[in-house]
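Please walk me through this model in plain terms.

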Amino acid sequence: MAPITRLVLDVLKPHDPSVVAFTTAIGDLEGVEAATATVVEVDENVKTLRLTIEGNDLDLEAIREEVTDLSASIHSVDQVACGERPVDDPWLGN
Amino acid sequence: MAPITRLVLDVLKPHDPSVVAFTTAIGDLEGVEAATATVVEVDENVKTLRLTIEGNDLDLEAIREEVTDLSASIHSVDQVACGERPVDDPWLGN
Amino acid sequence: MAPITRLVLDVLKPHDPSVVAFTTAIGDLEGVEAATATVVEVDENVKTLRLTIEGNDLDLEAIREEVTDLSASIHSVDQVACGERPVDDPWLGN
Amino acid sequence: MAPITRLVLDVLKPHDPSVVAFTTAIGDLEGVEAATATVVEVDENVKTLRLTIEGNDLDLEAIREEVTDLSASIHSVDQVACGERPVDDPWLGN
Amino acid sequence: MAPITRLVLDVLKPHDPSVVAFTTAIGDLEGVEAATATVVEVDENVKTLRLTIEGNDLDLEAIREEVTDLSASIHSVDQVACGERPVDDPWLGN
Amino acid sequence: MAPITRLVLDVLKPHDPSVVAFTTAIGDLEGVEAATATVVEVDENVKTLRLTIEGNDLDLEAIREEVTDLSASIHSVDQVACGERPVDDPWLGN
Amino acid sequence: MAPITRLVLDVLKPHDPSVVAFTTAIGDLEGVEAATATVVEVDENVKTLRLTIEGNDLDLEAIREEVTDLSASIHSVDQVACGERPVDDPWLGN
């Protein structure tokens, strides 16, 4: 299987655990080299995060399990990249 | 034939298989070096993906067959690049 | 004559041949190093492509002939670059 | 724990201490390599700052304590990055 | 005299000669290293081109003469750069 | 104290001294390596400048004193950066 | 005095002398390494230029004198930079 090198996830998270605790827990998972969480919406009981994860061979199911253990949920998968080198989407203008 | 080095495809995909399973299956095809799928619309039964694929000699028919095997369909081809080196479209501002 | 190094063409193409067949046929022409076709509009019978071609000494007439052989037509020439090195248009913000 | 490498915080600060005193106090914390505060809103009694902090192993609780000691408060955490290398959010277009 | 290194000209051109013939004729002038013509408007009898020319010592009068010989006219001079190195206009965001 | 490496100040300045005299006087202060003043508004009696100052260890009070000596005033501090290396604000898109 | 390294000037110029003659005359001044003039408005009797000048030690008064000798006038000074290295304004997004 082509290894996944980047995932961008839309995550709903209660206010507890904090964004920091949440992001570092994701960063601790095997195969995760780096994770960046951007808060895109704050509601009364929940925060919406756009979570960008990079690694050499990411495992979405392990990530989903950890997200669930952290009382959060993956609302949607916004981007998946796999392969030998990173390829940006030419329409996003990176 | 000038080898195809990049394809950007608009893909309609049922919710199953997942974006990850879909993208890695594309990434496993012969000649595909990297693939990035960005989710651009989510409807009740279907997701619309913009799928950017790079390689040294991409075969659209093999990709289309795999897409079909994955219960999805190529709605349109948005960009095709071929040749010795990548050439960006100056109007897209990459 | 100063050799042409980049052409950006607005092309009208019937749905057959496909964008891939069309682009690789252009990429096969003598002097063409790389070609990128971006689909900018899809109508019932025709697709509009913005076709960016780079090379060391492009021949528009040979390209036009090939475009015609492919049942398509050059609707307009959007950009022509010639000379020893590439010069970007400062108003396009590349 | 995956070390935190970047924090972007939304901070409410009374006019005293000044933005300079505030930012350098944050810059003095252990593990902080650099801090940039951008003033995004000025109200009668309070300034809103977007505070970007980078380091090798940032400690949000130590930062929060210092912010509180400076009579200010963290209104929200806007971005958290952790891991071996920086990963930018592809939707922010950095 | 400080040598001119870049000219951006607004040119009105009848449909004949073609943009390619026009641009390569400009590219053939002494001192012109590269020329890029972008078509910005197409009217019934005339095309408006933004013509970017770079060289070590451009001669606008020789360029104007050639433009006139090609049945076209310089409608306006949009940018002139001279000197030892290129300096971009900070307001254009290049 | 973490040394300040960049300050962006909003400055109100009467028409005399000139922007050049004002900016070079700021550039002459100890610790200032470079200063750029952009005029953002011109009113009857006053100009508003955005003043970007970089150095290894900037002293805002010395800068404020000099600004006052030049008959101008710091209307607000828009950005303060300190630390071992420059950190840009990811929301400004630099 | 901290040497001025960049000036951006708003210049009103009659149609004669031409933008080319005007820009090269500025480029010929002592201390000017490069000058770029962008035409931002054309009225019946006058053109408005944004003139970007770089050098190691620019002298605005010598520039103003030359501008006056060329029958033009400096309408406003839009940016002044001085110091050991160039510093861009982070709000302009260069």
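S71(B) is exposed, at a relative accessible area of 51%; exposed means over 50%, buried under 20% and partly exposed in between, with a 1.4 Å probe and protein chains only. Although S71(B) is not a glycine, its phi is positive, at about 70°. The residue sits in the loop between α2 (60-69) and β4 (73-83) of chain B. Helices (H or I, at least four residues) and strands (E, at least two) are DSSP runs numbered from the N terminus. In chain G, S71(G) is likewise a non-glycine residue with a positive phi of about 70°. S71(G) lies in the loop between α2 (60-69) and β4 (73-83) of chain G and counts as exposed at 51% relative accessibility.

This is a predicted model, in which local features need pLDDT of at least 70 and side-chain atom pairs count only at pLDDT 80 or more, while totals for chains, interfaces and linings use all residues. Residues are numbered from 1 along each chain as its sequence is written, chains are lettered from A and ligands numbered from 1 in the order in which they are written, and side-chain values use heavy atoms, with hydrogens and water left out.

Another backbone feature is a cis peptide bond. One joins D16(B) and P17(B), with omega about 10°, and P17(B) is in the loop between β1 (4-14) and α1 (19-27) of chain B. In chain C, the bond from D16(C) to P17(C) is also cis, with omega near 10°; P17(C) is in the loop between β1 (4-14) and α1 (19-27) of that chain.

Next, the helices of chain A. The axes of α1 (residues 19-27) and α2 (residues 60-69) come within 10 Å and cross at roughly 150°; axes are lines fitted to C-alpha atoms, for helices over the stretch in contact, and angles run from 0 to 180 degrees between N-to-C directions. α1(A) is therefore roughly antiparallel to α2(A), a term for angles over 145 degrees. Where they meet, F22(A), A25(A) and I26(A) of α1(A) face I63(A), E66(A) and V67(A) of α2(A) in contact, meaning heavy atoms within 4.5 Å.

Finally, the chains. Chain A can be laid on chain B with an RMSD of 0.0 Å by a turn of 52° and a shift of 0.0 Å along the axis, the superposition being by least squares on C-alpha atoms of residues with pLDDT of at least 70 in both. The copies use different surfaces, as 14% of the contact residues of chain A recur in chain B. Chains C and F share no contact, and their closest C-alpha atoms lie 15 Å apart.

Notes. Angles under 35 degrees count as roughly parallel, over 145 as roughly antiparallel, 65 to 115 as roughly perpendicular and the rest as oblique.
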